[in-house]
Amino acid sequence: MAYYDDDLVEEYVTKICSQQYQEMFENAAKKQQTSLVGKEREMLATIPNVITWYEGKHRVEITERIRQYHLKWFNKWLIEYSACQPPYIVQTDQFSTVILHLTNVLFRIDRGDIIASDASRHDCEQIILTVKDALTKISELNPINIDEAAISFVEELLQLIFYFTVDTDLAIYLKNLDLVNLMDKLLQTSKDHTEIHFNIYRILAVIMTEADIKQLKNSHRIASVFITSIDNAIKGGESTIERLHNSIRSFKGNNFRI
């Protein structure tokens, strides 16, 4: 558990809820730099990381405040970022980390960051539609194999969908979007990218029945993907404990039996 001074966290929340943060994020997306320095490092890495690990009494209010400030902007940015045609932007590891920091602040429903308002829930539904559209477009433009330059982005989009499956109402919303065929196509075109398959199977565990899952073309990989993920999470120790919990969470519906 992280114990951060409430005054420091409040200062950081004010900084992240700013147009300056949004502009720095968008600039990092365009430049795809390999490292961050100075103010960019503070705004895009240090500040969201501290907020992510804050577990004080104001966490629900803080998360809701950040969501209300950023969700509509994030959806707009996501629409623009996913509109690119092949050849795709090669996403650097540094920018992948920047996205991770932001999504940890906005979407970690699995860590108890409940959706506290109808407005935020509506915005999350809009983001789900954007993610579906982005994945559909990638699938249509890559009918045989997903372009390697797009793999990181696909992983990030699928991770977002998984976070939304943890919320009961959003899980129902996802079930009504006819995602199964799209997920199955992505399974076929992503070769043996374990992370993509892992997230797809976690999503399907929520939106499909056990009988439906058995009809997937490569359903035989489910056991090996989950065993590998759980083994890696155990070996990772404390730093991967949440990944272990989320892997186990996927079995609660009894759709997957390994």
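A: Start with the helix pair: H6 and H8 cross in a right-handed sense. Keep in mind that this is a predicted model.

Q: Which residues make the contact between H6 and H8?
A: From H6 they are Arg121, Cys124, Glu125, Ile128 and Leu129. From H8 they are Asp169, Leu170, Tyr173 and Leu174.

Q: How do the residues of that H6 and H8 contact divide by class?
A: There are 6 nonpolar and 3 charged residues, with no polar ones.

Q: And the geometry, at what angle do the axes of H6 and H8 cross?
A: At roughly 35°, with the axes coming within 11 Å. Helix H6 covers residues 118-141 and helix H8 covers residues 168-175.

Q: OK, voids. How many cavities of 30 Å³ or more does the structure hold?
A: The structure holds 2 of that size.

Q: What lines the largest cavity?
A: Tyr81, Cys84, Tyr88, Ile89, Gln91, Ala149, Ala150 and Phe153 form the lining. By class, that lining has 7 nonpolar residues, 1 polar residue and no charged ones.

Q: Which residues line the second largest cavity?
A: Its lining is made up of Ala28, Gln32, Gln33, Leu36, Thr92, Gln94, Phe95 and Val98. These divide into 4 nonpolar and 4 polar, and none is charged.

Q: Which helix gives the largest share of the lining of that second largest cavity?
A: Helix H5, residues 93-107, with 3 residues of the lining.

Q: Switching to Ala29. Where is its place?
A: Ala29 sits in helix H2, which spans residues 19-31.

Q: Does Ala29 count as buried or exposed, and why?
A: Ala29 counts as buried, because its relative accessibility is 4% and the cut-off for buried is under 20%.

Q: Which residues is Ala29 in contact with, leaving aside neighbours within four places in sequence?
A: Trp77, Tyr81 and Phe95.

Notes. Residues numbered from 1 in each chain as written. Predicted model: local features only at pLDDT ≥ 70, side-chain atom pairs only at ≥ 80, totals over all residues. Heavy atoms only, no water. Axes fitted to C-alpha atoms, helices over the stretch in contact; angles between N-to-C directions. Helix = DSSP H or I, 4+ residues; strand = E, 2+ residues; numbered from the N terminus. Left-handed = near helix turned anticlockwise from the far one by under 90°. Contact = heavy atoms within 4.5 Å. Nonpolar A, V, L, I, M, F, W, Y, C, P; charged D, E, K, R; others polar. 1 Å grid on protein atoms, 1.4 Å probe; cavity = no way out; pocket = protein on both sides within 12 Å on 5 of 7 lines; lining within 4 Å. Points joined across faces, edges and corners; volume = space filled by probe spheres on them. Buried < 20%, exposed > 50% of the residue type's maximum accessible area, 1.4 Å probe, protein only.
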